[in-house]
Amino acid sequence: SLKNEVGGLVKALKLFQENHVNLVHIESRKSKRRNSEFEIFVDCDSDREQLADLIHLLRSHVHEVTAHPPDNSCLSDQDMENVPWFPKKISDLDKCANRVLMYGSDLDADHPGFKDNVYRKRRKYFADLAMSYRHGEPIPRIEFTEEEVRTWGTVYRELNKLYPSHACREYLKNLPLLAKHCGCREDNIPQLEDVSRFLRERTGFTIRPVAGYLSPRDFLAGLAFRVFHCTQYVRHSS
């Protein structure tokens, strides 16, 4: 934690650069203990010796320094081999976004579209688009069929009846903005790329197309990078 003063954070962060310690992630928030201070959370890439030296230098610039995990609980290289793989950068989501538990094209026998070959082919089209998507690319724009738009309109109307009594104020505030900026209307299905840009400007989150259900681990890995995985297919019209 450090005092809320001009240049305070810059001085502290400069120590990381001078000691060749790479910053992976940084966050700040107002201190809950002292109104005049801010708490800075830093994730850095360093060995145990570098970290100890850095903490020693930081103590002369900031009010308090805490390291997590403590030096004596750092994992050895051998222990790290037993840690399950996880994405360390946003482009790593390309490796886990396709590890779906059930593809959008896979339908159970009791699904209303199970015997509808046209619908199954359509679901496979959406799944293939998601499987070929890579980070940094624009989300493919979909030309939805008349039947898909009608189905969307039915769901849209029914949900709109429930929003006043069931939706939170944040949702009610942003729904008109989705209509204005993304074309979210009863007669139009918004494109994921437009919704993703809208979310990024307002929240820092983005959307990524996905072929089907992800495991909780892979879905939460996306949220760690402010990425929300979302399918693009529309439910069966029946």
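**View 1. The second largest pocket, at about 1100 Å³.** Its lining runs to 33 residues, and Trp152, Pro190, Leu192, Val195 and Cys230 sit nearest the centre. Elements that put two or more residues into this lining are α6 (146-166), α7 (169-182), α8 (192-203) and β7. Helices here are DSSP runs of H or I with at least four residues, strands are E runs of at least two, and both are numbered from the N terminus. A pocket is an open set of points on a 1 Å grid over the protein atoms alone, with protein on both sides within 12 Å along at least five of seven lines; a cavity is a set where a 1.4 Å probe fits but cannot get out, and lining residues have an atom within 4 Å of a point. Points are joined across faces, edges and corners, and the volume is the space filled by probe spheres set on them. Keep in mind that this is a predicted model: local features need pLDDT of at least 70, side-chain atom pairs count only at pLDDT 80 or more, and totals for chains, interfaces and linings use all residues. Residues are numbered from 1 along each chain as its sequence is written, and side-chain values use heavy atoms, with hydrogens and water left out.

**View 2. The largest cavity, about 50 Å³.** The structure has one cavity of 30 Å³ or more. Eleven residues line the largest cavity, with Phe126, Ala127, Val210, Ala211 and Gln232 nearest its centre.

**View 3. Glutamine 232, in the segment after β7 (227-230).** Glutamine 232 counts as buried because its relative accessible area is 10% (buried is under 20%, exposed over 50%, partly exposed in between, with a 1.4 Å probe and protein chains only). Skipping neighbours within four places in sequence, its contacts are Phe126, Ile139, Pro140, Ile142, Phe144, Leu192 and Pro209 (contact: heavy atoms within 4.5 Å).

View 4. With 70% relative accessible area, histidine 20 is exposed. Arginine 226 is partly exposed, at 45% relative accessibility.

**View 5. Isoleucine 26, on strand β2 (residues 22-30).** Its relative accessibility is 38%, so isoleucine 26 is classed as partly exposed.
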